[in-house]
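Trainee: I have a new model open and would like to walk through it. Can we start with how its residues are sorted by exposure?

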Amino acid sequence: MTDSREPTQAGPRGTAAMLAASQSAQSAQSAQSAQSAQSAQSAQSAQSAQSAPEPPGTQAAALPGVWRLGLASGALEVKAFFRDKMAVAFIFGLPSILLVLLGSIFGGQAAAHGVTVGQLFTAGMIAGGIMSTSFQYLAISIATERENGMLKRLSGTPMPRAAYFVGKFVQVLMCTVAETVLLMAVGIIFYHLHLPTSPGRWWTFAWVFLLGSATCALLGIAASSLPRSAASATPVITLPFTVLNFISGVYVPFNDIPHWMQDLGSFFPLKWMAQGMRSVFLPGQASALEPAHAWEHGRTALVLLVWLAAGLVLCAKTFRWQSRN
């Protein structure tokens, strides 16, 4: 009897023990599986966080390109130029006033068959206006910006330095276009200047205008390093510019100046710019007034290209971002 009871008593205890053991094993297994699931979930979330893109505000903003910054700088340069009333009056007003004065004194005289001196002055003054808004203005304004520390501050910013020069060229292009239109209007109204009617002449006007503007702009940038201060920039730049206007056929008909002045003026680009503009706005017989009795378009392009290359070299060698002082 006792033998038969012991198994019955031991059975429930064993079952309970087995159940307790199985329950503890299950709880341990479930805890282990929960822990592994949690670790897997955290690893998956970390992986997804690494692969997910960063919010727009946390990404490093890419800097604009040179041309975009240059165009934006050029727009600011044009606004600053036209807000300076003294600069606008000097750069735009002086060539127009001189054209009216010289044309009023000599404009009625005949320079050649069918060509008046007023028309001759107008064509030459257009070239002088291009050099005034590019060479003269750039040289004086950059010298002033260098002395007041603007160039030094710009060189320390992330803006590419080339963008500064792109902005200057944009400003020169806009101002030379406005100057040329104004002088052509004065010539048409007062001296019966005739606009070109053939595509060939307009093409000559385009390449003389662009080459002349680019060449004079580069020479102006290079010449901005000559003045030692902003106060001396105006006389240092204006004096040689005025001399060039006289010996290049702008203020005086080129065939009326002495031969040694003609030879000296032929070395500089303004003489060839004026001759190119005369070939655009004057009739063909006016070429007899030139020393070679021809317009010499090939030599004009060659001289301007040589001076363009020389301007690039001079800019690279002489341009400074800081004042000498």
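Mentor: Buried means under 20% relative accessible area, exposed means over 50%, and partly exposed is in between. Keep in mind that this is a predicted model.

Trainee: What percentage of the 325 residues of the protein count as buried?
Mentor: The cut-off for buried is under 20% relative accessible area. The protein has 325 residues. The buried share of them is 41%.

Trainee: How many helices and strands does the protein have?
Mentor: Read the elements from the N terminus: α-α-α-β-β-α-α-α-α-α-α-α-α. The totals are 11 helices and 2 strands.

Trainee: Among contacts between residues at least 6 apart in sequence, what percentage join residues at least 24 apart?
Mentor: A contact here means heavy atoms within 4.5 Å. Take the contacts between residues at least 6 apart in sequence. The share that joins residues at least 24 apart is 78%.

Trainee: Are α4 and α8 roughly parallel or antiparallel to each other?
Mentor: The two helices pack at an angle of about 165°, with axes 9 Å apart. Angles over 145 degrees count as roughly antiparallel. So α4 and α8 are roughly antiparallel.

Trainee: Is the crossing of α4 past α8 left-handed or right-handed, and how many charged residues does the contact have?
Mentor: α4 passes α8 in a right-handed crossing. From α4, the contact uses Gly128, Met131, Ser132, Phe135, Gln136, Ala139, Ile140 and Ala143; from α8, Ala233, Thr234, Ile237, Thr238, Phe241, Leu244 and Asn245. By class, that contact has 9 nonpolar residues, 6 polar ones and, for charged residues, none.

Trainee: How is α7 oriented to α10, roughly parallel or antiparallel?
Mentor: α7 spans residues 199-223 and α10 spans 269-281. They pack at about 160°, with their axes 9 Å apart. That angle makes α7, relative to α10, roughly antiparallel.

Trainee: How many charged residues are in the contact of α7 with α10?
Mentor: α7 passes α10 in a left-handed crossing. Residues of α7 in this contact include Arg201, Phe205 and Leu219, and those of α10 include Met273, Met277 and Phe281. By class, the contact has 10 nonpolar and 5 polar residues, and the charged count is 1.

Trainee: Is Ser224 buried or exposed?
Mentor: Ser224 sits in the loop between α7 and α8. Leaving aside residues up to four places away in sequence, Ser224 touches Leu138, Ala139, Ile142, Ala143, Arg146 and Phe319. Its relative accessibility is 0%, so Ser224 counts as buried.

Trainee: What is the C-alpha to C-alpha distance between Gly118 and Phe106?
Mentor: Gly118 lies in helix α4. Gly118 is buried, with a relative accessible area of 0%. Gly118 and Phe106 are 12 residues apart in sequence, and their C-alpha separation is 6.8 Å.

Trainee: Which residues is Val170 in contact with, beyond its neighbours within four places in sequence?
Mentor: Val170 is in helix α6 and is partly exposed, at 23% relative accessible area. The C-alpha atoms of Val170 and Leu71 are separated by 7.0 Å, although the two are 99 residues apart along the chain. The contacts of Val170 are Leu71 and Gly74.

Trainee: Is His192, which has a positive phi, buried or exposed?
Mentor: His192 has a phi of about 55° although it is not a glycine. Its place is in the loop between α6 and α7. At 57% relative accessibility, His192 counts as exposed.

Trainee: Where is His293 found?
Mentor: His293 also has a positive phi, about 55°, and is not a glycine. His293 is exposed, at 55% relative accessible area. Its place is the loop between α10 and α11.

Conventions. Residues are numbered from 1 along each chain as its sequence is written. This is a predicted model: local features need pLDDT of at least 70, side-chain atom pairs count only at pLDDT 80 or more; totals for chains, interfaces and linings use all residues. Side-chain values use heavy atoms; hydrogens and water are left out. Axes are lines fitted to C-alpha atoms, for helices over the stretch in contact, and angles run from 0 to 180 degrees between N-to-C directions. Helices (H or I, at least four residues) and strands (E, at least two) are DSSP runs, numbered from the N terminus. Angles under 35 degrees count as roughly parallel, over 145 as roughly antiparallel, 65 to 115 as roughly perpendicular and the rest as oblique. A crossing is left-handed if the near helix is turned anticlockwise from the far one by less than a right angle, and right-handed if clockwise. Ala, Val, Leu, Ile, Met, Phe, Trp, Tyr, Cys and Pro count as nonpolar, Asp, Glu, Lys and Arg as charged, and the others, Gly among them, as polar. Buried means under 20% relative accessible area, exposed over 50%, partly exposed in between (1.4 Å probe, protein chains only).
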